[in-house]
Protein chains: 2
Amino acid sequence: MNAAILCVGTELVTGMVRDVNASFLSHKLLGKGIFPKWILFVPDSMEETVSGFRFLLEQGVDFLFVSGGLGPTVDDFTREAVARALGKSLVFCEEAWESIRQAFYRIRGVEPPENNRKQAFFPEGARFLPNGVGTAPAFILEERGTRIFVLPGVPREVEFFWGLLEQEIPTLRGGVYRSEVLKFCGIGESQLEEKMLPLLSGLPQSLRFAFLPNYGEVWFFLYGQDVSLEDQKRAEETIAAVKSAFMPYLFSPFGETLEEAVGKLLLERGWRVALAESCTGGLVGSRITDVPGSSRYFERGYIVYSNEAKLTDIGVPGEVLRHFGAVSEETARYLAEGVRKKTGVDIGLGVTGIAGPGGESPEKPVGLVYIAVSDASRTEVRKFQFRGDRLMNKRFFSQAALTMLFIFLRERDIR
Amino acid sequence: MNAAILCVGTELVTGMVRDVNASFLSHKLLGKGIFPKWILFVPDSMEETVSGFRFLLEQGVDFLFVSGGLGPTVDDFTREAVARALGKSLVFCEEAWESIRQAFYRIRGVEPPENNRKQAFFPEGARFLPNGVGTAPAFILEERGTRIFVLPGVPREVEFFWGLLEQEIPTLRGGVYRSEVLKFCGIGESQLEEKMLPLLSGLPQSLRFAFLPNYGEVWFFLYGQDVSLEDQKRAEETIAAVKSAFMPYLFSPFGETLEEAVGKLLLERGWRVALAESCTGGLVGSRITDVPGSSRYFERGYIVYSNEAKLTDIGVPGEVLRHFGAVSEETARYLAEGVRKKTGVDIGLGVTGIAGPGGESPEKPVGLVYIAVSDASRTEVRKFQFRGDRLMNKRFFSQAALTMLFIFLRERDIR
């Protein structure tokens, strides 16, 4: 089964307010095995609301959700637009008006103004639902096999009505199928795909696969509509085969995010980590501490932005800084080893690079970073060259640092 | 002039990934006076991409932006979908392939795999644009009076291409009008609105105002459609009046972001700052160093996550930690003063709080944070109580810390 979502609101199309309702509804629909194929945003305008509604209805979806534009003010058009798109007239509903009066009294302690009366008009044949947390009633109707739910735009009210409506929406088995999402780091999208294709060649017709690159991570999953139980079994076998073939790069069995995965590996070993980061300015520390309970394995960090800080806080020798430079393999090594020894932790991480703009030289361009990971038995240093703006480079540097930590910790298992 | 935005991606309609590109593009278009009337999301599917593209093209918009589905993998359909919707064939472009090879070599240091070749195919008549930050080229074509821009789905790449394309898009006068956006910190939305309303009561009918709260910042602007030059003048007078009435809280004249504003004030004074942050885990440092050139005023930071770190790195007395606790006014004060004295900078910032979940006590709930700012003449400590989840609290804490820095630096001017 399919669904479409139409969100009405000038504030949404102009980017002044971030969408909440479409995300909420699509997430809930997916949970029921219904595929939200269309999400359309239009401004508070009769013309666009009517055409957008008609277009979505023409797609023959099973469910059409409309949200927004049910308020009492002159820029609220949704009731009229839905009626017009369906060639119906608007009918006043005494019972709905009574529910609005009660809601108003409950919330504000006064009678509603006259302009709230428009909220009690619905397209003929519609069934209204009183609003338990605001004033505007929602309404439901059916047309050409599509069930239409028209809801207010306030996120809390959408959640309230979803609670009422979800019993009317079947939870499908064999509807939209989506496998577990596998997340990889330390391997590129096309490299991964090329190596993975032999495993995917025998997939049944009903299954498709997706690769999503995301700042140095690659996400992979299988999905499809009306996937038979047999094909779901095939999907799960494929997922298992992919997992075992790419285990060293696969971090999602350890957590939703890479920082969670790193944290879980550290916890398993009972290891503590400390950082000395320069160009990332605290971003690596911030990501590690995004994970609840990270105080169990994160000891501390040094944001050694100046050379003076590298020297006095971590003890990078002045000679190394002068001879090789602050951005060098040698400095990265001293940072990781120095911070590990100074703080007495099990594993140290050092990051030094050039986020840009500016600060580059012919031998050391913007986007260059050296990252070192060090434990009692070995230190690994790697050089990466990224090519983004400052924020993108900081993000890539922190991603590469967490990836190195993850792979370093994994390799001890794999080898 | 109008625009439409089509975003292709199963991860978007299924709510796995939040939209960034449509928000970005609509914001930028609005800044040029172009009204983004349609924003449509479809899955990685030929059928929906073709129908969605056709529908938007039929609306007769001046600009149609398409984003996503230009990758090298077999679930990337956008090139084919656009060609099919327009009844054109796909043509291989040698020059584009060369640009992909170069991009690939630059980023990964190797030749691209064969499956990247598909990224060099475009609908006949299209003009391609090489990708400066990724591999997939964008392309441009014109059809029935609509200029069509087809971009990759990676947000940074959309930003990159916008930088190239914006010269080709006119900036309109007399279309959608939006005033300068005023950004405030250190004052709440309703408090600001209440105090500002007298200044707004005489605004002409064509102008509307918006308050957008954003993690402790409040953004304010005036907007309207078909605003006469006379009314635009009134709008600008109102903006000037608001600016002068709320100057101490207004940071946008100093930069786009609060961290830029703080940086500019530090630069003006020739001051350097150092941090000792605990619960924010490096986020304050990361935000300060998001600003290009921040090495001119950011000396270093200490992520003093453990008590041991607070004690040994900053010298918070063990007695203070034992008696008042790590999350206390006293510890915050020692952090700010200690890091300032230790590093010899002009201004020190200390942050200590409970991001949660867990770690709270009856007297010290999750969301509690103490922040201290210290210069040679005084130390200011404030307590804040937020109510978010861990990531929200970290964000709120860092925002409060930057706000305190800003107000501290401003007050020296105002007083």
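This is a predicted model: local features need pLDDT of at least 70, side-chain atom pairs count only at pLDDT 80 or more; totals for chains, interfaces and linings use all residues.
Residues are numbered from 1 along each chain as written, and chains are lettered from A in the order written. Local features need pLDDT of at least 70 and side-chain atom pairs pLDDT 80 or more, while totals for chains, interfaces and linings use all residues; side-chain values use heavy atoms, without hydrogens and water.

**Exercise 1.** State which domains chain A is given.

Solution. The domain assignment gives domain 1 (2-168), domain 2 (176-250) and domain 3 (258-414). Such bounds come from an automatic or database assignment. The C-alpha centres of domain 1 and domain 2 of chain A lie 37 Å apart.

**Exercise 2.** Describe how helix α3 of chain A crosses helix α3 of chain B.

Solution. Step one: both helices span residues 46-58, and their axes come within 12 Å and cross at roughly 155°. Axes are lines fitted to C-alpha atoms over the stretch in contact, with angles from 0 to 180 degrees between N-to-C directions. Step two: α3(A) and α3(B) are therefore roughly antiparallel (angles over 145 degrees). Step three: A:Ser51, A:Gly52 and A:Phe55 meet B:Ser51, B:Gly52 and B:Phe55, contact being heavy atoms within 4.5 Å.

**Exercise 3.** Give the area buried between chain B and chain A.

Solution. The contact takes 82 residues from chain B and 80 residues from chain A. The buried area is about 6,400 Å², with 56% from carbon and sulfur atoms; this is accessible area (1.4 Å probe) lost on putting the two parts together, summed over both. In chain B, B:Met16, B:Arg156 and B:Ile303 lose the most area to chain A, together 10% of what that side buries.

Technical notes
Helices (H or I, at least four residues) and strands (E, at least two) are DSSP runs, numbered from the N terminus. Angles under 35 degrees count as roughly parallel, over 145 as roughly antiparallel, 65 to 115 as roughly perpendicular and the rest as oblique.
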